[in-house]
Amino acid sequence: TPCTSHDAAGSGACAPRMMGSGMRHYTGWSVALLVLLGLGSLAQKLPTRDEGLFQMQIRDKSLFHDSSVIPDGAEISGYLFRDTPKRYYFVVEEDNTPLSVTVTPCDAPLEWKLILQELPEEASGEGSGEPEPLDQQKQQVTVDEGTELFTYKGNDVESYVATSTPSGLYQLELLSTEKDSNFKVYATTTPESDQPYPELPYDPRVDVTGLGRTTVTLAWKPTPTGSLMGQPVQYCVVINKEHNFKSMCAAEAKISADDAFVLPPKPGRDFTSFDFAHFGFVPSEVGFSKDRSLTSNKISRAYTTKPRAADIQKLCIGNKNIFTVSGLKPDTQYYFDVFAVNSATNTSTAYVGTFARTKEEARQKTVELKDGKVSEVYIKRKGSKFLRFAPVSSHQRVTLFVHTCLDAVQVQVRRDGKLLLSQNVEGIRQFQLRGKPKAKYLIRLRGSRKGASTLKILATTKPSSKQPFPSLPEDMRIKAFDKLRTCSSVTVAWLGTQDRNKYCIYRKEVADNYGEEQRRREQNQCAGPETRRKSEKVLCKYFHSPNLQKAVTTETVTGLEPGKTYLLDVYVVGHSGHSVRYQSKLVKTRKYC
């Protein structure tokens with residue numbers, strides 16, 4: 001697994017790993033790190049031709065201040081404070097050695113350069129002849145600013161690759177001028193045999209193969225690393241609304257979902273998870289106090305994960321190279337990036353990302369409501385309908401009637417964009433909305449999840465006496481008087497209004513186990529008296545009361561059979577013939593009298 005590296009006080013190196021030709025020289029680089037921590041007396045032999053010379057060089061604070069040693073063949077993570085350069089060092093011990101250095105910016109563009117500081121010829125040649133005194137060699141290396149081999153500025157993943165490099169001390173200097181930033185570095189002296197990052201196919205583009213209102217289907221060619229080289233590779237897809245990312249590191253820094261991307265550690269506690277015990281050292285031997293130990297609670301609290309961003313998402317999908325992203329918003333532009341990730345090393349390579357705009361919502365035809373006219377509306381299951389009401393004349397209030405025939409409907413009313421009403425309506429409801437001169441009303445009706453809905457709707461600024469719908473009481477229930485039940489009759493009552501309306505009562509014999517749910521399934525709430533059989537009609541009568549407190553009427557239904565169950569319905573009929581049914585009432589006659 002990749003190891004991490006921060007400042008000189010807490011640099012870490014990876015444990016040695018085996019290659020095809022045998023174990024590589026990681027021990028020296030790891031020991032260099034230990035020497036930086038003040039462990040020179042415990043170090044194994046460094047891969048340099050003059051041990052004493054290199055020991056002296058790495059103790060030079062002016063040369064190695066705020067620095068770390070890069071392990072050969074392992075990716076490390078680091079953190080940069082703004083405008084504060086960080087330096088990394090490594091030694092190439094033999095001439096004509098191939099070299100590859102890769103830097104991956106995460107949060108911000110970086111400036112970085114690679115400098116060669118050649119060791120004195122006596123120390124870096126074949127070792128014949130007497131070397132100069134150590135203090136003179138140290139002075140030569142320290143004063144020499146070195147040869148600048150490569151420089152780069154930007155946020156691309158950039159590499160320096162050379163097939164042949166001279167022996168010497170190599171310095172990698174990084175700087176972030178925009179903000180504090182994470183980064184990754186990989187260096188190797190065997191680039192031909194190393195395959196640290198998954199290889200891209202000959203066509204590295206991500207294609208959009210399907211586009212919907214809430215879905216986008218992506219496809220890309222598989223990486224040869226998995227199919228040809230047999231390495232464990234999976235793909236991760238990153239979706240966001242801002243821009244494409246050039247590396248997984250940059251995407252994860254934005255998401256702050258990976259524990260590797262943390263807040264900067266506190267000064268004096270910049271330690272990484274270097275495994276000293278693996279090399280036979282315990283904390284007391286390497287000079288850690290209790291306060292600075294790797295298991296200290298104070299240190300662990302410094303590594304706090306950042307909150308997750310809401311507008312970016314990372315999905316790792318295994319080794320498939322076709323994926324449908326769902327749950328997107330209609331008519332919205334998204335950016336899509338695909339990363340091939342080596343599951344064993346956690347290194348990754350970015351495909352060429354793409355972007356796409358989801359399709360618009362199907363444009364809803366807006367129905368114009370006329371003042372005082374009843375409109376019938378059909379809504380599909382979970383569908384929506386938009387209605388527009390624009391009164392011609394100035395008005396102080398709007399009366400809205402909603403009469404649902406089947407399942408409940410959600411009603412939203414906005415006046416010039418301002419939400420006035422949002423309620424679920426089942427049966428008949430009447431709403432009084434405050435008016436405004438030249439105001440326009442947008443009504444949205446949304447169907448239920450159970451099934452399709454049918455309703456009647458009326459919007460009007462006219463007085464109730466001229467409305468097609470009859471005026472209605474607040475309570476639409478029918479009350480049955482249990483004490484007045486006989487073997488052949490029942491007595492019921494219902495509320496009326498101050499307006500003179502026609503009321504018709506109907507009866508229907510039903511089974512004893514007839515329930516409310518069955519009644520709701522069978523009956524269309526909007527069906528009027530004209531749909532009933534003549535044999536079910538009991539009577540019709542006109543009724544009103546100037547005093548609402550006394551607007552109650554009773555009726556005795558006769559001619560019933562003993563011990564039978566009946567369903568009673570009362571319809572109130574308006575002036576233009578539109579009717580509204582009260583809530584049905586189940587009654588049962590007495591069996592014995």
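**The whole chain.** Helices (H or I, at least four residues) and strands (E, at least two) are DSSP runs, numbered from the N terminus. The model is predicted, so to speak of local features requires a pLDDT of at least 70, side-chain atom pairs count only at pLDDT 80 or more, and totals for chains, interfaces and linings use all residues. Residues are numbered from 1 along each chain as its sequence is written, and side-chain values use heavy atoms, with hydrogens and water left out. The protein chain contains 9 helices and 36 strands. Of its 593 residues, 46% count as buried; buried means under 20% relative accessible area, exposed over 50%, and partly exposed in between (1.4 Å probe, protein chains only). A contact means heavy atoms within 4.5 Å. Among contacts between residues at least 6 apart in sequence, 76% join residues at least 24 apart. The chain exposes about 30700 Å², of which carbon and sulfur atoms supply 48%; accessible areas come from the Shrake-Rupley method with a 1.4 Å probe, and for residues only the protein chains shown count as cover.

**Aromatic pairs.** Rings of Phe, Tyr and Trp (its six-membered ring) pair if their centres lie within 6.5 Å; planes under 30 degrees apart count as stacked, over 60 as edge-to-face and the rest as tilted. The whole structure holds 15 aromatic pairs. One of them joins Tyr-88 and Phe-183 edge-to-face, at 6.0 Å centre to centre and with 80° between the planes. Because Tyr-88 belongs to strand β5 (residues 86-92) and Phe-183 to strand β11 (residues 181-188), this pair ties together parts that are 95 residues apart in sequence. Tyr-88 is buried at a relative accessible area of 0%, and Phe-183 is buried at 1%. Trp-220 and Tyr-235 also form an edge-to-face pair, with 5.6 Å centre to centre and 65° between the planes. Trp-220 lies in the loop between β13 (216-219) and α6 (224-227), whereas Tyr-235 lies in strand β14 (residues 233-240), so the pair ties together parts that are 15 residues apart in sequence. Both Trp-220 and Tyr-235 are buried.

**An aromatic cluster and an arginine over a ring.** Trp-494, Tyr-503, Phe-543 and Tyr-582 form one aromatic cluster. Arg-500 lies over the face of Tyr-542, at 4.3 Å from the ring centre. A charge sits over a ring if NZ of Lys or CZ of Arg is within 6 Å of the ring centre and within 35 degrees of the ring normal.

**Two loop residues with positive phi.** Most residues other than glycine have a negative phi. Asn-96 is not a glycine, yet its phi is positive, about 60°. Asn-96 is placed in the loop between β5 and β6 (97-105) and counts as exposed, at 60% relative accessibility. Asp-416, likewise not a glycine, has a positive phi of about 50°. The loop that holds Asp-416 runs between β24 (409-415) and β25 (418-425). Asp-416 counts as exposed at 51% relative accessibility.

Strand β22 (residues 384-389) runs antiparallel to β27 and is joined to it by 6 bridges; Lys-385 has Leu-445 of β27 as its bridge partner. Strand β24 pairs with β27 in the antiparallel sense over 6 bridges, and here the bridge partner of Gln-412 in β27 is Arg-444.

Definitions and conventions
Two strands pair if DSSP finds at least two bridges between them.
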